[in-house]
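User: I'd like to go through a model with you, a bit at a time. Can you show it first?
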Amino acid sequence: MNNDVFSKNKDGAFYFVLGVIGLVMLAGLGAAYYMEHYGHVVTGMTNQIVWGLPHVFAIFLIVAASGVLNVASIGSVFGKPVYKARAPLSGLLAIAMLAGGLMVLMLDLGRSDRLIIAMTYLNLKSVFALNVFLYTIFFTVVALYLWTMMDRKMHGYSKYVGFAAFIWRLALTTGTGAIFGFLVARQAYGTALLAPMFIIMSFSFGLAVFMIVQAVMYRWNDRVLDEAILHRLKNLLAVFVAAVLYFTAVYHMTNLYFAKQTDFERFILLDGGIYTTLFWVGQVLIGGVLPLFLLFTAKKSGTVLVASALIILGGFFQLYVFLIGGQAFPLNLFPGMEASSSFFDGRIHPYSPSLPEFLLGMGGIAAAALITAIAAKVLHFMPDDKHHPVSQ
Amino acid sequence: MSNDVDNSRRKFIAAGVAGTAGLVLAPGVTLLDMANARPAGEAASSTKRWGMLIDSTKCATGCTDCVSACGKENGFGSTGHPETDAQWIRKIELKEVKSGKSHSLPMMCQHCAEPPCVDVCPTGASFKRADGIVLVDRHICIGCRYCMMACPYKARSFVHEEHDDQNPDVPRGKGCVESCTLCVHRIDKDLQPACVEACSAGNHGAMLFGDLNDANSEISKRIATYATTQVRADLALNTGVRYQGI
């Protein structure tokens, strides 16, 4: 059996796919250049909505990057052979998606040219600065982890490095949640609940991405995924989706209990227009209830893939409502008073994402796909169930 | 006689040593003295804490003298894109929901003693000067806008496009975040912030600038006498800008 992910007899098709992904990435880089040249005035972002669509993409990629590593962690840390067979692919995806997410984040900066400053001037009280360490160490630990898994001589260390990677991925997502958790100013954020919530979101989004990438690789190689393996993975995914719904409920119900947060909750849950629609239809129905139903009733691998795609789509909706909806609701400087100003105080802030923002976000996804495709072409990342049988 | 000769020789040697020592040490001493002289930076001493008291009862609805003065002093105005235009100071019109009582007041960077923008800034570009003025170092701001997310007063603006009408004292750059500097360039010349000056010039007297650390300053006396408010006092940021009448 040929275990190479992209076998030689499909070289032409591989380079075609690589070319398409490359073009999407180039479009993203072009969009970044356009934004850099003219300034953020050409985007939909304003002084009211300061973080926009690029951040939705970046946060999704970073959160899912740490989540996708879970497959490897379950294999190494908890010793499950089905997952062990998938650990290298999981590690590769983690590195690729984090790189893609950080690319979007960096290219959206007002001064992307100051990358060196971002890495050498560090205010250690800032969660952002701490995240620079979290990301760098994550790359290093996961790269070491891949080495211990792929080099026979290093196998003995795999469990220990895998454990370190597992701990570090939890730290990384805690850091991402804390970026918002430490914002005392805005009603949508400023709660420690966001750290565990981001972790459970990463479990769900990450595994959904893994399922799709795995399916593409099996299809490309004309292989069929063992029913038993699919069954296990889909059940785990369903648990994660349910947990995300649970955290969403706790987050909103906690807010509803505080009188000062009622207006904000009314905005998101009842009369926030696009945000209310995206919350109920996008986040809860498409990203939660529907995939949950599909996963529990799925008989075929196709159904699991549809559920995975819906989870990813729902994840984007969830982050959009959280990030943009959270900023669209105005700051309440004077409780009990109605405010108005030339700076849009007291008004719901509009936001229309622009094409360059979308292209930059897609560029990040393309970058992750490009890294994955090239690495899978030159190294052995195809899940090897022959040496890690399900029955073990 | 021989003693006299010895004495004069000793005097000569002593004078020579002293002179040489003087020649060697003098430049050093002068440098030391120059270092102790009051350079431009010494104004930023923590013995002072610059602040402002705004009396909203004297602030008229529709009056924007402070806003215009700020724009003129700091070199920005309308570009035709109100959503992305910088506003370092803005007039907020308020109406109490229950009583219908209205207030008008200027809102700008509150120059917090515990500024959230400084805490969250990844590079340290957002910083607080020793005299309490919160500023952005335009050389190391990477334009991430995290400070804008963190500021409870919506006091910060991101420069969304190129500007070529800058005031030499107030450099502004596309891609960086900026906010009220309390006219730090004027304070360092012993002048008042432009908004305060304009408010006085218009005989409104709604804005008072001074040293909150000096118990004898007018601002400290007023704060000690009248009930004043810190906006979002629940966050305990210890703001440098206080309000009276709301």
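Analyst: Here are some helices, sheets and single residues, taken in turn.

User: How do I read the numbering, and what kind of model is this?
Analyst: This is a predicted model, where local features need pLDDT of at least 70, side-chain atom pairs count only at pLDDT 80 or more, and totals for chains, interfaces and linings use all residues. Residues are numbered from 1 along each chain as its sequence is written, and chains are lettered from A and ligands numbered from 1 in the order in which they are written.

User: OK, helices. At what angle do α12(A) and α13(A) cross?
Analyst: Helix α12 (residues 274-297) and helix α13 (residues 301-328), both of chain A, cross at roughly 155 degrees, and their axes come within 8 Å. Axes are lines fitted to C-alpha atoms, for helices over the stretch in contact, and angles run from 0 to 180 degrees between N-to-C directions. Helices (H or I, at least four residues) and strands (E, at least two) are DSSP runs, numbered from the N terminus.

User: So are α12(A) and α13(A) roughly parallel or roughly antiparallel?
Analyst: α12(A) and α13(A) are therefore roughly antiparallel. Under 35 degrees counts as roughly parallel, over 145 as roughly antiparallel, 65 to 115 as roughly perpendicular, and the rest as oblique.

User: What residues make up that contact?
Analyst: The contact of α12(A) with α13(A) has 18 nonpolar residues, nine polar and no charged. Here Ala, Val, Leu, Ile, Met, Phe, Trp, Tyr, Cys and Pro count as nonpolar, Asp, Glu, Lys and Arg as charged, and the others, Gly among them, as polar.

User: Is α13(A) buried or exposed?
Analyst: 21 of the 28 residues of α13(A) are buried, so α13(A) is largely enclosed by the rest of the structure. A residue is buried if 20 or more other C-beta atoms lie within 10 Å of its own, exposed if 12 or fewer, and partly exposed in between, with C-beta atoms placed from the backbone.

User: And how many residues of α2(A) are buried?
Analyst: For α2(A), 16 of its 16 residues are buried. This helix covers residues 53-68 of chain A and reaches 22 Å from its first C-alpha to its last, close to the 22 Å expected at 1.5 Å a residue. The expected span is 1.5 Å times one less than the number of residues.

User: Switching to sheets. Which strands form the one with β1(A)?
Analyst: That open sheet of three strands has the order β1(A)-β2(B)-β3(B), with antiparallel pairing. Its edge strands, each pairing on one side only, are β1 (337-341) of chain A and β3 (102-108) of chain B. Two strands pair if DSSP finds at least two bridges between them.

User: How many bridges join β2(B) to β3(B)?
Analyst: Seven bridges join strand β2 (residues 89-96) of chain B to β3(B). B:Ile89 stands opposite B:Met108 in β3(B).

User: What about the sheet of four strands?
Analyst: The order there is β8-β1-β10-β9 in chain B, with mixed pairing. β9(B) and β10(B) run antiparallel and are joined by two bridges, and B:Thr228 has B:Gln244 as its bridge partner in β10(B).

User: Last topic. Which loop holds A:Asp222?
Analyst: A:Asp222 is in the loop between α9 (194-220) and α10 (227-257) of chain A. Its phi is positive, about 55 degrees, although A:Asp222 is not a glycine.

User: Is A:Asp222 buried or exposed?
Analyst: A:Asp222 counts as exposed because there are 9 C-beta neighbours inside 10 Å. B:Lys154 also has a positive phi, about 50 degrees, and is not a glycine, but B:Lys154 is buried, with 23 other C-beta atoms within 10 Å.
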